[in-house]
Amino acid sequence: MARLQPVRGTHDILGDKSLRFRTIFEIFKSVAERYSHQEIDTPIFEFTETFKRTLGETSDVVNKEMYTFEDRGGEQVTLRPEYTAGIARAFMSNGLQQSMPCKFYSFGPIFRYERPQKGRMRQFHQMDVEIIGVPEAQADIEVLAIASDLLDALGIGQHITLELNSLGDPQSRAGYRDALVKYFGGYKNKLSEDSLKRLEKNPMRILDSKDEGDRLLIADAPRIAEYYNQDTKDFFAKVIDGIEAIGIEYQINDRLVRGLDYYCHTAFEFTTDQLGAQGTVLAGGRYDGLMEMMGGPKTAGVGWAAGMERLAELVSEDLISKPKRPVIVAPVGADAQVPAMKIAHDLRAAGLTVDMAYKGNVGKRMKRANKQNALFAVLIGEDEMGRGVAMVKNLDQGSQQEISLSELSTYILGSL
Ligand code: ATP
Ligand code: MG
């Protein structure tokens, strides 16, 4: 027997949730476009290599969370577990080196095989912003400004904190890496299995561990700021000057590292205490090494992704755009059905939102019209048809009036 449930960790989006998603996306789109970003839509699956090489073999995403399968032609493909790698791939596939800098935004489903819980799904949705080809701190400032504007436009800026860190340039990272290997190397018997693997491949990733034992060790681990060289300090200072100039509040969190391999310099998360354990709503950073890792020329990039489901929980009901209130056309008697269709069609052509109350008890149909928050009900029966009129009920006022069919749309539009 067919299973009628959705797959664990996936959800249908309908009703109020659908309106929320649409409202948030529209606001996101308008903010991103104000910064001259253009929409990009990449395929929801890519060659597995695209993600595996870039996200890093020791990342949770690659290790445990990717939906990977072999297609019928024997290709290894993966449902996108994040946006950046696919957008970087698209940037190179389309030869956009010629048109740098490129500013993109995107929105759509993301897939990760995670343990489903509140705020953590297997298919969820991200809004994503990327600036490719700008090595200067201005781009970091700009993507942070888009994030901050978005959260303000959604009316939730006051509940959210920006946590900011610098992961340094390659030289600073190398020094810090050595210090971490030395420190964590002294606790090999206490580290979680995952972190032991990270110790060799990418010790900085240990700082992102969610294991409780690891977290105790992390508390006393060396701090990255002690390993910053002058370039790293200068770059970070520029980012901070920029966001201070435009009035974005932030907190430095020197324990913040991103889960993926390709980040350098700026790393950030916007977090809230209003969502329980899954409090990060938006996260990102700079990824100057990414394109090279994928086999392309060295190209700077910076961007972020925000979780739609988490943002949708925070946004107030008042912000959500409601569907237009409909006019309900109700034929009374079988002979009225075709003329009623024609009336509905004409009203739609005039720009009104119209629903048909196909048949049944008139009282029940009016009840449903009220439930639909209809503005008007247009009743048409044999008697009205003969006289070229319809009975128009104003459902807000509880009044009714006969209107000639030729004036119907003008009358309704005039009384909105
Ligand atoms: P976490 O530490 O919570 O696993 P992450 O570092 O894996 O987060 P990112 O890859 O930075 O998350 O994704 C950006 C945003 O996408 C997150 O801040 C969050 O809002 C959202 N997100 C990530 N994973 C999920 C998920 N499984 N379900 C719903 N939203 C998610
Ligand atoms: Mg994760």
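Predicted model: local features only at pLDDT ≥ 70, side-chain atom pairs only at ≥ 80, totals over all residues.

Biologist: Let me begin with two helices, α1 (residues 15-34) and α5 (residues 137-153). Why is α1 called oblique to α5?

Modeller: The two pack at an angle of about 140°, with their axes 10 Å apart. Roughly perpendicular covers 65 to 115 degrees and roughly antiparallel needs over 145, so α1 counts as oblique to α5. As for the hand, α1 passes α5 in a right-handed crossing.

Biologist: Which residues of α1 and α5 make the contact?

Modeller: Ile 27, Phe 28 and Val 31 come from α1, while α5 brings Ile 146, Asp 149, Leu 150 and Ala 153.

Biologist: Now to α2 (residues 48-55) and α4 (residues 84-93). What makes α2 roughly perpendicular to α4?

Modeller: Their packing angle is about 115°, and the axes are 9 Å apart. The range for roughly perpendicular is 65 to 115, and therefore α2 gets that label relative to α4. The crossing of α2 past α4 is right-handed.

Biologist: Which residues meet in the contact of α2 and α4?

Modeller: On the α2 side there are Thr 50, Phe 51 and Thr 54, and they meet Ala 85, Gly 86 and Arg 89 in α4. This contact has two nonpolar, three polar and one charged residues.

Biologist: And at what angle do α6 (residues 170-185) and α7 cross?

Modeller: They cross at roughly 140°, with axes that come within 10 Å. The crossing of α6 and α7 is left-handed. From α6, Arg 177, Leu 180, Val 181, Phe 184 and Gly 185 take part, and from α7, Leu 199, Glu 200 and Lys 201. These residues divide into four nonpolar, one polar and three charged.

Biologist: How do you know whether Asp 288 is buried or exposed?

Modeller: Asp 288 has 13% relative accessibility. The cut-off for buried is under 20%, so Asp 288 counts as buried. It lies in the loop between β10 (280-286) and α10 (290-293).

Biologist: What are the polar partners of the Asp 288 side chain, starting with Arg 286 and Gly 301?

Modeller: The side chains of Asp 288 and Arg 286 are joined by a polar contact of 2.8 Å. A polar atom of the Asp 288 side chain also lies 3.2 Å from the backbone nitrogen of Gly 301. Leaving aside neighbours within four places in sequence, Asp 288 is in contact with Tyr 262, Cys 264, Lys 298, Thr 299, Ala 300 and Gly 301.

Biologist: What makes Ala 369 count as buried?

Modeller: Its relative accessibility is 0%. With buried set at under 20%, Ala 369 therefore counts as buried. Ala 369 sits in helix α13 (residues 362-371). Beyond its neighbours within four places in sequence, Ala 369 is in contact with Ile 328, Ala 374 and Leu 395.

Biologist: How far apart are Ala 369 and Met 291?

Modeller: They are 78 residues apart in sequence and 56 Å apart in space, C-alpha to C-alpha.

Biologist: Then why is Asn 373 called partly exposed?

Modeller: Asn 373 has 41% relative accessibility, so it counts as partly exposed; the limits are 20% and 50%. Asn 373 is in the loop between α13 and β14 (376-380), and its phi is near 60°, a positive value in a residue other than glycine.

Biologist: Last one: what kind of peptide bond joins Met 100 and Pro 101?

Modeller: A cis peptide bond, with omega about 0°. Pro 101 lies in the loop between α4 and β5 (102-111).

Terms used: Residues numbered from 1 in each chain as written. Chains lettered and ligands numbered in written order. Heavy atoms only, no water. Axes fitted to C-alpha atoms, helices over the stretch in contact; angles between N-to-C directions. Helix = DSSP H or I, 4+ residues; strand = E, 2+ residues; numbered from the N terminus. Parallel < 35°, antiparallel > 145°, perpendicular 65-115°, else oblique. Left-handed = near helix turned anticlockwise from the far one by under 90°. Contact = heavy atoms within 4.5 Å. Buried < 20%, exposed > 50% of the residue type's maximum accessible area, 1.4 Å probe, protein only. Polar contact = N/O pair within 3.5 Å; in protein donor to acceptor, adjacent residues only side chain to side chain. Nonpolar A, V, L, I, M, F, W, Y, C, P; charged D, E, K, R; others polar.
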